[in-house]
Amino acid sequence: MAEKNGVKLAPSILSADFSRLGAQIDEAEKAGADWIHVDVMDGHFVPNITIGPAVVKSIRSCTKLPLDVHLMIESPEKYIKQFAEAGSDIITVHAEACKHLHRVVENIKELGAKAGVSINPATPLELIYEILPSIDLMLIMSVNPGFGGQKYITGSEDKVARLRKKIDELGISCEIEIDGGITADNALKVVNAGAQVLVAGSAVFNKKETIAEAIAKIKNSIA
């Protein structure tokens, strides 16, 4: 299944069954997922702990899809090399967690990965305007990070639209990703606002339908 309207779907393994992680990633890939989104949490920057480079390395061995690794951790510069060596294709750090964001972004690129920056819902877009020309991906959080299954924060699409306008004004090629509460019910809204990569966790990995059915539902909603 090809990308719908050029929009990519990145299922988040945060909501997957970790006892069947390899199989679920394989199902997602066969069903038309474009990227695999990996949420890394440290229990400090966000109130949850998830996985580290060893799991990313294991995932790398079971899929050919790009690994979109989202570091929701403090002092990410200490761990970027490990995640790059584990096979991350894209490494995204939070602007709020980096004292020297440009240096961190350059380090990611020097290690051969694409560089992304993310901001939390309450963080103003103006904080990242200076870094936009240096990055490949800008991730807008549409929930407060830390847990899967949260409800989409109404109005996040307005932030995406303002970011789309700024990127167009700058004339740069920086993809816009959105993460948090994305479902078939709101996917078209954020795509129309300018989002190009949709992260979906509980909407893809749930017990109500197969992974293939869930992915098809989201992709068809933006067709």
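A salt bridge is counted here where a side-chain nitrogen of Lys or Arg lies within 4 Å of a carboxyl oxygen of Asp or Glu, and the structure holds nine of them. The model is a predicted one, in which local features need pLDDT of at least 70 and side-chain atom pairs count only at pLDDT 80 or more, while totals for chains, interfaces and linings use all residues. Residues are numbered from 1 along each chain as its sequence is written, and side-chain values use heavy atoms, with hydrogens and water left out.

| Side chains | N to O distance |
|---|---|
| Arg-20 and Glu-27 | 3.0 Å |
| Arg-60 and Asp-89 | 2.6 Å |
| Glu-209 and Lys-217 | 3.2 Å |

Arg-60 lies in helix 2 and Asp-89 in the loop between helix 3 (80-85) and strand 4 (90-94), so this pair ties together parts that are 29 residues apart in sequence. Helices (H or I, at least four residues) and strands (E, at least two) are DSSP runs, numbered from the N terminus. Arg-60 is partly exposed at 23% relative accessible area, and Asp-89 is likewise partly exposed at 32%, where buried means under 20%, exposed over 50% and partly exposed in between (1.4 Å probe, protein chains only).

Helix 2 (residues 53-60) also belongs to a right-handed β-α-β unit with strand 2 and strand 3; right-handed means that, with the strands pointing away from the viewer, the path from the first strand over the helix to the second runs clockwise. In strand 2 (residues 36-41), six of six residues are buried, with Ile-36, Val-38 and Val-40 pointing one way and His-37, Asp-39 and Met-41 the other.
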